[in-house]
Amino acid sequence: MMDDSGAVQIARALKCAALCLMLLPRFLLAAVMLWLLDFLCIRRKVLLKMGERQDSPDDPPVCVSDSNKMFTWESLRAVWHGQKLDFLKSAHLGEVAPNTEVVLVQERRQVRILDCTKGKRPLVLNFGSCS
């Protein structure tokens with residue numbers, strides 16, 4: 001009979017393997033897009049189209065060269081990490097919002113976000129700036 005720590009480790013390994021299988025198609029699609037953007041003709045067209053959409057005259061001119069590759073191990077690692085974070089986040093478009101804990105500033109106590117709602121009125125969260 002397996003002890004609890006062995007069963008927990010197997011469960012974690014299975015969960016990690018399932019996550020990898022679910023993320024693999026999204027990751028491969030992003031990797032193919034990076035690989036395609038490394039072709040100089042495609043990259044030039046994409047970057048020049050993006051430059052046309054920018055209205056600011058302060059932006060520097062778009063420079064397209066062969067030295068700034070997008071299909072690198074670092075970029076693939078960043079894409080994998082971003083896909084994993086996006087998949088594991090608790091808030092998803094079209095789903096019920098997470099009811100996380102917040103601190104009421106004046107009362108200095110923790111409550112759930114949805115405890116602050118009043119009837120059918122929409123709840124607005126203000127993430128202020130300290131600068």
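Is glutamine 83 buried or exposed? Glutamine 83 is buried, with a relative accessible area of 17%. Buried means under 20% relative accessible area, exposed over 50%, and partly exposed in between, with a 1.4 Å probe and protein chains only. Glutamine 83 sits in helix α3, residues 73–88. Leaving aside residues up to four places away in sequence, glutamine 83 touches Leu23, Arg26 and Ala30. A contact here means heavy atoms within 4.5 Å.

This is a predicted model, in which local features need pLDDT of at least 70, side-chain atom pairs count only at pLDDT 80 or more, and totals for chains, interfaces and linings use all residues. Residues are numbered from 1 along each chain as its sequence is written, and side-chain values use heavy atoms, with hydrogens and water left out.

**Fold and confidence**

The chain has three helices and two strands. Along the sequence they follow the pattern α-α-α-β-β. Helices (H or I, at least four residues) and strands (E, at least two) are DSSP runs, numbered from the N terminus. Mean pLDDT for the chain is 78, and 78% of the residues score at least 70. pLDDT is the predictor's confidence in each residue, from 0 to 100.

Buried residues make up 11% of the 131 residues. Of contacts between residues at least 6 apart in sequence, 49% join residues at least 24 apart.

**Arginine 108**

Arginine 108 lies in the loop between β1 (101–104) and β2. Its phi is near 55°, a positive value in a residue other than glycine. Most residues other than glycine have a negative phi. Arginine 108 is exposed, with a relative accessible area of 75%.

**Pockets**

A pocket is an open set of points on a 1 Å grid over the protein atoms alone, where a 1.4 Å probe fits, with protein on both sides within 12 Å along at least five of seven lines; lining residues have an atom within 4 Å of a point. Grid points are joined across faces, edges and corners, and a volume is the space filled by probe spheres set on the points.

| Pocket | Volume | Lining by class |
|---|---|---|
| Largest | about 320 Å³ | 10 nonpolar, two polar, one charged residues |

Ala, Val, Leu, Ile, Met, Phe, Trp, Tyr, Cys and Pro count as nonpolar, Asp, Glu, Lys and Arg as charged, and the others, Gly among them, as polar. The second largest pocket has Leu104, Asp115 and Arg121 among its lining residues.
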